[in-house]
Every structure is written in structure tokens, then in C-alpha cells.
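This report describes the sheets, the chain contact and some local backbone features of the structure shown below.

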2 protein chains.
Amino acid sequence: MSNWKELGAAKRDSVNALIPKAWLLLTPLPPPAEQRDVTGKFIQQFLTPREIEITETDAVGIVKNTTTGTWKAREVAEAFCHRAALAHQMVHCLHEIFFAEAINDAQLLDEYYAQHGKPIGPLHGLPVSLKDQFHVRNVETTMGYIGWIGTFEGKKGTGKEKVFESEMVVELRNLGAVLYCKTSVPHTLMAGETINNIIGYTWNPKNRNLACGGSSGGEGALIGLKGSPVGFGTDIGGSIRIPAAFNGLYGIRPSSGRLPYEGMANSMDGQNSILSVVGPLATSVGALKLVMKGLLSQQPWLHDPLVSEIPWRDEKEQEILDIVKAGGGGQLVFAIMPDDGTVRPQPPVKRAIDIVVKLIEKLGHKTMEWKPPSHSRCNELVFKIWTMDGGEDVHAALGLAGEPMCAPVAASYGVKKEQCTASQISALNVLKRQYQKEYMEYWNRTASHTGTGRPVDAIIAPLAPFAAARPGMYDYYGMTTWVNLLDYSTTVLPVTFVDKNIDVVSPEYKPLSAIDEKIQKAYDPEVYDGAHVAVQVVGRRFQEERILAITEILGDALGKHVV
Amino acid sequence: MSNWKELGAAKRDSVNALIPKAWLLLTPLPPPAEQRDVTGKFIQQFLTPREIEITETDAVGIVKNTTTGTWKAREVAEAFCHRAALAHQMVHCLHEIFFAEAINDAQLLDEYYAQHGKPIGPLHGLPVSLKDQFHVRNVETTMGYIGWIGTFEGKKGTGKEKVFESEMVVELRNLGAVLYCKTSVPHTLMAGETINNIIGYTWNPKNRNLACGGSSGGEGALIGLKGSPVGFGTDIGGSIRIPAAFNGLYGIRPSSGRLPYEGMANSMDGQNSILSVVGPLATSVGALKLVMKGLLSQQPWLHDPLVSEIPWRDEKEQEILDIVKAGGGGQLVFAIMPDDGTVRPQPPVKRAIDIVVKLIEKLGHKTMEWKPPSHSRCNELVFKIWTMDGGEDVHAALGLAGEPMCAPVAASYGVKKEQCTASQISALNVLKRQYQKEYMEYWNRTASHTGTGRPVDAIIAPLAPFAAARPGMYDYYGMTTWVNLLDYSTTVLPVTFVDKNIDVVSPEYKPLSAIDEKIQKAYDPEVYDGAHVAVQVVGRRFQEERILAITEILGDALGKHVV
């Protein structure tokens, strides 16, 4: 069991070997000090103008072309496979490569179109990347665990290896999507950085001093490099929102039970006090809507016992559009939560919040304060729920190959603890429900202060104290985790970039807490310069349509409809 | 702590003392051997013709009169209070009496109507009874535990005692319902008979040799005696369906997250692998629809974190009506499950299934076989989930007063066991989800056999092996519990009555299993004669509107629209 290094290297090499020779980088990448940002012009130099045109079109634009026969699915697939191959060589964002299958699938779609004169579905020819929790035929799912290589979720001889497909994979294929790669994760999934003993560390392509985020970090980095127009991640504590934000993307953490998680690999599977949810990251809000609407048209509640029967509701989106139209462009009400009482965001994130507040006011919407039930109480509960099994599951998975736990995970799971009993878990569930009820009624009561008769339409809040984490320094998750306990539908709105000349440290800063002090000290304008900065837009449970509409309004006004 | 008997007697006496003297029975009830059935003519002798008219009108008929000013809410309330008082004296079905408050509330509703010329809401003046898990101001919630007397869920000095109201109570009041009594339960709620150390045993009013069912047994007995037109129970293993069936009522176990459970007392609160759900029992399907539609109009998802945002969907009901209309009255497809592979129903229940099958065919609908994934595998999981805490919660609650556990509960919880760990609970949750998925796909696959293009519309199955349990002989719960694991929307359809001349034992009967043999031996035509017999109609998750429409069609055809 001590050959984990060799097994990891062999797996890594076998995946890299699937990159066509023509797509290999011929010279090593310059170091970050010389080439901090590998997005945009840097990666474009390896692509043809046509490939750039295709890969820099958002998902809505792509399907507009592929569902009308204007673009061939095969050409689109090849362009994204090429760009994904480049992205992987730059930042290590892929776990599995199946370009050949993808190009073949795309060819079949083109043949279908030629024969029937119509697309196979609304996602006809759209390349979609998947976090390495999805099972896809012909390739493995390792989730970054060396012990999972050659197995099905760590078990051998199940008959499911390289055959079984997750429910959403089936649905994406039904809709005409082209699947071509699976993206990197931190082993255990319980970290905001992406690192494991197979692919190493996935870097932030916009600023290679920084983390790409996690746990859907490979998705963030890949889409950030436009190696994918839209991909799916999962979120139990921020794992969709963090990489979306760190890579300048839109993303949505839907409420649990909205999209199908059925048949995906997971950590601590069966822990059902706070459920991990699946959702998309993309370069436009339109892309998020496109894939969600498509998936819901498949009636996933007939194939996933945990999905609630809530079809896509155009009327919920329309409610927001009607309010804005009636108000001459304005009159939504936003609660602003600049910090969570324990940690304040670093200067760039503070500035992003300020930018959004000014934008909201400029558009004629309203802002108000948000003084909710204690977030630190909430986040204590989240951490207790995450560690109910005392680390049993993740230690067992790492133990399969005797491999070491990466540092970002070790902070929470390094030392095995006693497991919670059924009574203790029930007590946590009751505390969680009570907190949810309290928060919900706080939100309800805002109806009497907004002046619109409605409660607050959305909360604007930081989703991390930093633009992106510095490696090994993701020391506070509280800004994302409260959303998971409350099960709120929440999007990421990319806002701006770190500017070392504007985003400076105030020498008089007085920390809110010891952890706040640590977080503030981790900010360095020189290191962060150029990084993406985002905020989150928080809606109530199952309000995906409304919160996407609101996010699109804000993104359009920021000029970020397609980044 | 040894004075539990005195405390229980004092509580019992204090509740009985709230019955107005004019409503007390002057002579003791004749024994069951002389007066088996106390419903119908027997209870009517203590009521005026006007009281009989009011109390034998179903909820839909009542609100037709009370929301138009035809009947005064006060007169309706008084009639039901009187009849409930009689019912309680006959079968011990109440835990709390608040007739004076109810009559006062009804008076206020009449004044509102007089002043505004319109009802306060769709349930204006409708008496609604509540299982003793609902918190209602001015009265206690004991749930049958002596240790809960004078406390809030076993705790003193919470400030919530006799003040706090459950979410649904608030909503029912908003809708204009009149609350007047809380009904009996077996302590712990984990039994199909209703017995505790405060009120003793709640008997079946139709056949006093038999149990009224449980755990919403008081509801069943009270509505069975028409001391309430509609009431709410809860169901974690059959607790709505069993008392509905044993008392000849309609009832629905909605899927979890459809109706608000927020703020109710419970056993093993926080156990979230199989959730207890709340739902109505009534004398007509129309009554079930009336109260569900009313509650959903209150947007309970804004006040209960566990409710999914699924409003009442008329179009789902219409789908069923359209199918039937297009088929000239027929063409729904019913799967028939006469037994579950472990136990067969006793002769009266077998006959009820046969009656429904013939009816279905006569109406022009179709029937087909149902050979689903193993129910015994499912029911093993249910029992493991129910006892995950090893009995900790129920032993602690009974221990508060040092009172003994009743026999029907002791069968499952008598001996305290080791608690499950977090890992063990997660493993059970995974097995549960896998079973749900398997069952769901079995159901999906029926679409290729029905001939309608749709999968099976509903399953017809026994919900207990007997018409009603004989005291101390509820030896098999498997016929209700599978629905709870699958979280299916399920109604009860009252079908017929036991007839000792028809429902005879076959001497050649070959038992399916040891437990089947025990169940069959417990049947005695003489004992059972005259009892209600019902079946359950099982729909998929969140299909309440469809399954109610189907149940109404069958009930109307049986001539049981208002029993």
C-alpha cells in the first residue's frame, strides 16, 4: 500500500497521454512571476481564429448555432477539446479526458441533424464539462482518490466500472450535450482549493499566485480559460460558488432537490443533514438558465428520489421582470451584508460590494441593512454536521491507497474523532431547522420595511473574504456555508478585478476577531493584482428562476453578460 | 417519580371536567357485547335533529353554509363540541378540550361575517380537530406522556407552555377554522393502537371489540363518530392511514414537505431519514381537498423550512379528470397488490380488494399485476431507521414520570439498544435512496405495459392485514410502512364492512410465513363483524392532487362520497 505515488503518477500520465500530440505545448509555461495570467491573449496564441470564435461564444450563442445547423457539433467539440487540453497543461484542471468519444458523439449529432433537419434537443452540440463526481461510461471516477483508481467508488468488481452513468449524464445526453472531460477536485471535496495526489494543484488561470477554488475547482479553472462554456459542480459549503467567483464566472447553487444528484459519487454519502447540491457554472447567466431549463424538462423527479417536482417556472422570472418594468428599471430591494460579524472581506471584495451597491442605487433599486440571526451560530452547526462521522469516510477513502491527506482538508479532518450518535445527529437536525425557521421569519419581517410590500428580493454578500485564496490560506469558509445550512438558491455575480493601486490595506484596520486578523494579514495587493472579484446573490429556497433573473439584471448592468 | 398514576388520573379528570354537565352521559355505556357499535343511531339519541343535521354534513357542505352566512359558526361549533364530548365519553378519544374557546372564536367569526358580509377565509366556521402533537394556546400538549403534563415537550419554564402555537394552527386560524379539541395518541406515537397512561385505551366506535388504530387514533375514532368533520393526524409508518381505515374514513398521507409540520411536538424529533408527515382525515375526499388547498394558499413554504414550494395544482387533478372523460369514464390503470409477499390480508380485506378490482373493471379502467422490489427488504430498513437511537428518545420521555411503556410500543422499543453511529445512519440513508430509485424505475417501466403510454396511475393495496387490529394484536406494520420509506402520496378508500357470513376462514389456507400464520389466526368473524374495511390508493411522490382525484372517482362509484 505504499506505492500511492507511482499509482498517482501512472494515472496522471495515462490521462495526459490522451491529449493529441498536435495539442501539446511545446515549451514549458513561463513561471507565474513572468506570466501571471494565462487566460485571454495568452491561451489564444495556441488557437486558430475560428477556434477562438467558437470557444469565446457563450452556451446560449453556441446552441443558437448548433441547433440551427449553422455550426457543426463536431467543429464545436474539437475547438473545446483543444482549448481544454491547453487549459489542462497550464493549470492541471482535468481528471479525465474523453475527447475521442466526444468528437464521435458530435459527429453522430451532425448526422442526426443532417438526416432529420432538426436538433436532437435544446443542448444539441453543446460541450458540457463535469466535475469528477459524475460517472461517465468508458472513463473512471477517482474524485482525486488514488484508492479509487480502477474501482467504482473504491469498490472492485461491482460491474459498474466504466459502464454506469449518473442520472444527469443520461439527461444531458438526451438533451444533445457533448461530454468530453471531467474536472479536478480536492480529494474528499471538503476544501476551497483543488489539490490531490493524482493531478497535484489546480492553479487559478487569471492569477497563478492564487487558488482556482474548490471543490469544483477544475470546473472554475477550465471555464475560466474558456475550455468549456458551461459545466457542473457541486456545493455543500461553497464548492460551486467559490470556483465560480475565483474565476470570474456566473454560477448557481440551487436548493437541494432541484437538480438530480442521483448516481453521482460523493464524500460522506448518505449524510443528509446538509445535502450537497449539483449546479452549473458558466460564462453567462443565460447559460445557467439554458442548462437548468433543459434538465428540468427531463422531469428529473421521475428518476431521482430526492428531486422535488418543481418544473422550470417562467412566471417566477417574469415576476422579477414585471417589477423592474413597472418601476422604470428599478425597485427591487436588496439587503446588503458587507460582513458576517466574524470576518470582514479584504479590500477588493469590500470594493466589489460597494460597486454593486452603487449600481443597485443607480438602477433605481433599493438597498437595506441585513442584521440576521447570528451567522457564527449557524456556521458552528455546519461544521458539526460536516464532521458527524468523525472523519471516518474520508480516512477510509484515503486509506485505500495509504495516501496522505492534503493540507487544506487536514485542517478539518486531519484527526479522526468519535462519531456522533443518532440522538446527537437528531439534536443537530433540530437546531438546524430552528435556525432555518428563525432566518426565514427574519426575512419575512422585512416586508414591513421595504416599502414594496414584498420582503427583500435578494441579499448581496461576499462569498469569501478574499478575491481568491492564496495556496494553503483558505482559513475561513463561513461566508459560503450559511447558505448551505439555509438551503438558499444563490448565484455568483462576477464584479471586477483586484487593482493593487486601489485595493490597498488601511493601516488603521481594527480586526473583528482573531480569524479576521489572520484573513486581513493574508491580503497582499501585489500578489492579488488582476484577480477576479465576485459577490454572491442570495435568494430564498427554490427561488432559482427569480435569483437568476436578478443576477442577469445586475450582470447586464455591469456589462458582464458574456465575459 | 412513582406517582405517575395519580398524575395521569388528575390530568384525565381535569380534561373530563371541561365537559359541560348537560352533555354528560347519565348512564354508563352498555358493554361491547351488548352495544358493539356506538356510531349512527346510538350516538344520535343524545343529539337534537338539528345537531345531527350539522354534524352529519361533510366539511365541504359545512363551509358552503358557514361561508355564506346560512349557518352560524357558533351553532356549528356547539353541535360538534357536543358530539365530540359524547364521543369522548364513549371511546376516550380526546386529550384536550377547549370548547369554551371554540364557541367564543365561532362567535367572533359570526360577528366578522355580520360586519363585513363575507367570510374570513375558505374554512370560515369549520370545526377542525387536531392530533395531540399540535400546540394550541391555552391547552397542553402531552402526547400521552405523563411527564409532559405542565411542560412544553417535557421541559419546564420555556415560556412556550400554553402560549406557543404550531405553524399549521396559525394557518388554520387564518383560514377561519374553529379549533376545539385535541385527540388521543399512543404515547411515543409508534403504535397502531391508541393507549397511554392518561386516557387509557381509545376504542373503535364501530366495533368496540377492536382498536381505533393509531397513532392518530383519537382522530379516527372522533371523526368516525362524526364528532369532527375533518382533523389532522401524522404518519411515519401508517398513523394517518390506519385510523382512517379502521374508522371508515378518507385520509391522505401526503409526501413529506407538502404540508407544514413546523412547530409540532414529535417523537425522535430530528430523525430525518424517514420523516413523519401531517395530513387530514375526513368523511369525504372533498374535505381533504378543501383543507389541503386552504393550507397551501397560505404559502407554508414561507413559514416552514421543510415545506417545498408546490402550490395546489388544479391542473394535476384535471389531468385525471380529462383521462377519464376521454375514456368515457374509464382508462386509468391500477396496479393491484393483494399482498406484500410476507403477509396476506385476512378475508374481509381480501374481499375489499376484490370489490375495488371489480369496480375498477366495471368503470372501464384497467388493472395489472404489481411485482415490485422486495417489500420485506424495504421494511427491514424502515425498522432499522425507526430504532436508530436505540429507544433513547422514547425511554427518556417515559422516564420523566417513571411511567410504564404500553405493550404495543414495547414490542419495538421495550429493550434499549445501542445507538447507530453517523456512518451507520449514512449507510441506511444510502440503502433507502437506492431502494427508492429501484422502485421508481420499476414504476417508470410499467409505461410499456399499460397500453396508455403512461406508467401505472395508482396502486391498490391493503394497508393492514386486518379490518382493524384486535387489542394487543397489531403484529404486522409492513403493509403501511413501505409507503413511508418511498415517501409516496397515499390515500385511504373506505370500501365495505366485515360480514361474518361472507368473510369466513378457509380451512385450507397455507400461510406465507410465520407472521402470516399468526395474523391469519387472529381473525375471528364473530369478533370482527360490522367493522369498517378499507384499502389504500398509492400515488407517486407529491402526486396528492392526482391521487385525491382518483380516490374520489372510486369513492363516488362505491357510493361513499359522504359516509
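## Basis of the description

Two strands are taken to pair if DSSP finds at least two bridges between them. The model is predicted.

## The sheet of chain B

In chain B, 11 strands make up an open sheet with mixed pairing, in the order 1-3-2-6-8-7-12-13-11-9-10. Its edges are strand 1 (94-97) and strand 10 (366-369) of chain B, each of which pairs on one side only.

Phe232(B) has Pro280(B), in strand 8 of chain B, as its bridge partner. Helix 18 (residues 478-486) of chain B packs on the sheet, where it touches strand 6, strand 7 (250-253), strand 11 (458-461), strand 12 (490-497) and strand 13 (532-538) of chain B. The direction of helix 18 makes about 25° with that of strand 13 of chain B.

## The sheet of chain A

Chain A has an open sheet of 11 strands in the order 1-3-2-6-8-7-12-13-11-9-10, and the pairing is mixed. Strand 1 (94-97) and strand 10 (366-369) of chain A each have a single partner strand, so one side of each is left without a neighbour in the sheet. From one strand to the next, the twist averages 30°.

A parallel pairing over 3 bridges links strand 9 (residues 333-336) of chain A with strand 11 (residues 458-461) of chain A. Ala335(A) stands opposite Ile459(A), a residue of strand 11 of chain A. Helix 6 (residues 99-116) of chain A lies across strand 1 and strand 3 (178-183) of chain A, and runs at about 160° to strand 3 of chain A.

## The contact between chains A and B

Chain A contributes 41 residues to the contact, and chain B contributes 41 residues. The area buried between the two chains is about 3,300 Å², with 44% given by carbon and sulfur atoms. Of the area that chain A buries against chain B, Pro305(A), Glu309(A) and Arg433(A) supply 19%, more than any other three residues.

Across the interface of chain A and chain B there are 8 salt bridges. Arg433(B) and Asp269(A) meet through their side chains in a salt bridge, at 2.9 Å from N to O. Polar contacts between chain A and chain B amount to 32 residue pairs, both residues being at pLDDT 80 or more. Helix 16 (residues 422-445) of chain A gives the most to the side of chain A that touches chain B, with 12 residues. By class, that side of chain A has 13 nonpolar, 14 polar and 14 charged residues.

## Local backbone features

Most residues other than glycine have a negative phi, and most peptide bonds are trans. In chain A, a cis peptide bond joins Gly214(A) and Ser215(A), with omega about 5°. Ser215(A) lies in the loop between strand 5 (200-201) and helix 8 (217-224) of chain A. In chain B, the peptide bond from Gly214(B) to Ser215(B) is cis, with omega near 0°. Ser215(B) lies in the loop between strand 5 (200-201) and helix 8 (217-224) of chain B.

Lys162(A), a residue other than glycine, has a positive phi, near 60°. Lys162(A) is located in the loop between strand 2 (127-131) and helix 7 (167-175) of chain A.

Definitions and conventions:
Residues numbered from 1 in each chain as written. Chains lettered and ligands numbered in written order. Predicted model: local features only at pLDDT ≥ 70, side-chain atom pairs only at ≥ 80, totals over all residues. Heavy atoms only, no water. Helix = DSSP H or I, 4+ residues; strand = E, 2+ residues; numbered from the N terminus. Contact = heavy atoms within 4.5 Å. Axes fitted to C-alpha atoms, helices over the stretch in contact; angles between N-to-C directions. Buried area = accessible area lost by both parts, 1.4 Å probe. Salt bridge = Lys/Arg side-chain N within 4 Å of Asp/Glu carboxyl O. Polar contact = N/O pair within 3.5 Å; in protein donor to acceptor, adjacent residues only side chain to side chain. Nonpolar A, V, L, I, M, F, W, Y, C, P; charged D, E, K, R; others polar.
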